[in-house]
Amino acid sequence: MGQVIRWPGIGAFFAVIALLIAVGLLWIDTLFENGLEATATEIVGARVELEAASVSLLEQSVELRGLAVANPDRPMTNMLEAERIRFDLAFGPLLWRRLHIDSMVVAGVQLNTPRQESGALEGGRLGERVATSLSGLLPAPTLPRFELPSPAEAVANEQLQTPAAVEALERDIEKKTEHIQESIDRLPDAEDIAAYRERLRALKAKDFDPLALLAKSDEIKSLRADFKADIARIKALRKEISATQTYLRDKLAEVKKMPQADVERIRNKYSLSGDWLEGLTGQIFGRQIAGWVDRGWRWFKTLQPYLGGSGRGGDDAAPPPPARGQGVAVRFAETEPAPEFLIKEMLLSAGDEQRQARVSGELHHLNDQPGAWPHPITFALAGEGIDAVPAFQLDGRIDRRQAVGQDRMTLALQGLKAENLVLSAAPAFPVTIDSGTAQVGAVFSARGREVDLSVDIGIEALSMPAPATGGAEGVADALLRAVAELDAVNFTIGVKGDIEQPQISIDSDLDRLLGDVLKRELARETAAFTQKIEGEVLKKTQGLFAPLNERLGGLEGMLSQVNDKGKVMDGLLDRL
Amino acid sequence: MLRLLVKLLKVLNAEDNPAQIALAVCLAAILGLTPLLSLHNLLILFLVLVLRVNISAFLLFALVFSGIAYLLDPLFHRLGHSLLTAEGLQGMWTLLYNTAAGRLSEFNNTLTLGSLVFAVALSVPLFFAAKTGVDRYRARLLPWVEKTHLVRVLKASRFYRLYTQTGWE
């Protein structure tokens, strides 16, 4: 036995264990501090620092002092500072590698405090932030442009309808004139009338032969019938000519309107339809406005994996391969399910008596395995008297206990100071709100992957710089001047659909103002353009109508001819 | 490092039982290939100290296997994952998962289980291979090594004096 067992080794083993425990106890504060800083930094994407951590194994409690969480978007600012955080650890769950905290107290909370050193991480996570931002989903802002060609070019490129209409009317007049001429030709001509007169004279000759008188009586009847037939044809033709004249005059009147129709058509071709007036605010300021809610959106997406459950619904994608030296924890059914990480209650408070500023909040049932805990995560935070945000309320419920998570959050900010708020950063169209007071109301809900966010922002007591003289031209200048006169503005940002590719809508009462300005500008530009087009069209069509008038005048001559023939025939009939 | 090299030479050239060296190599494989801060490594530490194994060999080979472990990470992960998701083993894993010891051992981590199973399985052939290796070294290579210029220089140096004066085993 002595050859196999090294009896002093047992003592050495316990000595080593004791040494490890002693070293652990000596360094536990530092180990805890470093571990917490590293983990939180990874989650936040910016430096998270602690002044000190104190772990008491006897009391099973932890106290953290001087927590500073840098803002990933503004590395020289801490988005959160806490003077003191204290919590008790439940010992039993630790044996199961579970960190359960019954109660945590966070005191001395401050928001948006300046930092001495940058809190940005080396290499940064900017790309990640852009990829998960809402503003990145919107197209680049565009200012409506009215680009009109030269009037001569516009008319030259257009197939005018007036010449074709004139040509068609000419053909019509010709056809109808020919037809009438043919009808006139079929009426009694000079020869026929001479024959009638001869027949009439023969009838008037004195003759006492009874047989001859009987024959004359028949001739009179025949001649009267011929006269009446011709007179009827003459009357019908006269009516036809009159009708044709009316018809062609109407046609001519229509054709004479064609140049104006050509002008209208060309103008409409280069005019913008009313559709583009929809959602003007989104087109022009969309990216910047969506950027206002980006931070909250990114936070939600960043925290998604840590809130447990799928929270997404649908099929989960295959897990990515683990980092080197880490592996993946596979979970099995538990007889007594419990989350690995749990804070049953967190109370948060901060205050500044001098400035009467106060922040208080509570969070319940924060855990990483909602399926293993019977309660959803709930939170409520309220504050007042803070410089930048005089009053705010945030509350929410994150329920991931089922396969498809259901989350709901509401946020209200009152009296938020809006300073140097950029609406448009485009060099040709810079718009910044110098100062104003904003009221913000946001309602967020999510069911699985489907999200629905609505943020109402009202900014009052606006102060906006007047545009520099000659700083912008045309539309941009008109818009800048209109925007600079605003004293209040409201925006509604809507985000709906799949969390990765949501549809973003931005509505604002600014739409109407921008629309009116643009309509005015457009009307001014269009009026000048139309006038020039009219001139160009007139040049091309002015000589087309004179021949038509002449040809229509020809019908008048035909009518005189027919009338003359009618008079002659009427005279002959009277003499009969 | 120099001291460790001295230890190695001393271990290999000492008259220790080759089985003791081989067992140290096996235990080093388990400690080196698996995550250091694992519950089972307490048992390994206990065995190393209580059993008459060569501690220098153990320390040296623990370092060597730690380096190898880094290269074999993906293999361990796959092996662990396939074992933890194997249908026939679900009952056993579930039972173990519902014990405090099971949780503390982190057996449900793919890397921990995969590397442990691999190291334990490797330790059996490794024991015999290491034992044979030490035997052959002593029989064939030791006389040649002692005659080499390097060893003669070393023997004449302070390093060798350190070597002859130092010894844990």
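Residues are numbered from 1 along each chain as its sequence is written, while chains are lettered from A and ligands numbered from 1 in the order in which they are written. Because the model is predicted, local features need a pLDDT of at least 70 and side-chain atom pairs count only at pLDDT 80 or more, whereas totals for chains, interfaces and linings use all residues.

The predictor assigns the complex an ipTM of 0.80 and a pTM of 0.64. Within chain B, confidence is lowest in helix α1 (residues 2–13), with a mean of 58, and highest in α5(B), with 94.

Chain B holds nine helices and zero strands; helices here are DSSP runs of H or I with at least four residues, strands are runs of E with at least two, and both are numbered from the N terminus. Of the 169 residues in chain B, 34% are buried. A residue is called buried if 20 or more other C-beta atoms lie within 10 Å of its own, exposed if 12 or fewer, and partly exposed in between, with C-beta atoms placed from the backbone. Contacts require such C-beta atoms to lie within 7 Å, and among those in chain B between residues at least 6 apart in sequence, 85% join residues at least 24 apart.

The largest nonpolar core has 38 residues, and A24(B), L27(B), F58(B) and F61(B) are among those with the most contacts inside it. Such a core is a set of buried Ala, Val, Leu, Ile, Met, Phe, Trp, Tyr and Cys residues joined through C-beta atoms within 7 Å. At least two of its residues come from each of α2 (18–33), α3 (40–50), α4 (55–84), α5 (90–97) and α7 (110–147) of chain B, and α2(B) gives the most, with 12. Leaving aside neighbours within four places in sequence, L27(B) is in contact with I44(B), L47(B), V48(B), V53(B) and F58(B). Apart from this core lies another, of 37 residues, including W297(A), V440(A), V451(A) and I493(A).

Where the chains meet, 25 residues of chain A are in contact with 25 residues of chain B. On the chain A side, helix α1 (residues 7–44) gives the most, with five residues. By class, this side has 14 nonpolar, six polar and five charged residues; Ala, Val, Leu, Ile, Met, Phe, Trp, Tyr, Cys and Pro count as nonpolar, Asp, Glu, Lys and Arg as charged, and the others, Gly among them, as polar. An unreviewed UniProt entry annotates residues 7–28 of chain A as "transmembrane region", and such annotations may be inferred rather than shown by experiment. Over residues 7–28 chain A is 100% helix and 0% strand, with the end C-alpha atoms 32 Å apart.

Elsewhere in chain A, strands β7 (residues 357–367) and β8 (residues 377–384) run antiparallel and are joined by seven bridges; pairing requires at least two bridges found by DSSP. S360(A) has A382(A) of β8(A) as its bridge partner. β8(A) also pairs in the antiparallel sense with β9 (residues 391–399) of chain A, over eight bridges, and L381(A) is partnered by L394(A) in β9(A). Six residues lie between the strands of the β8(A) and β9(A) hairpin, where G385(A) takes a positive phi near 80 degrees.

Notes:
Contact = placed C-beta atoms within 7 Å. pLDDT = per-residue confidence, 0-100.
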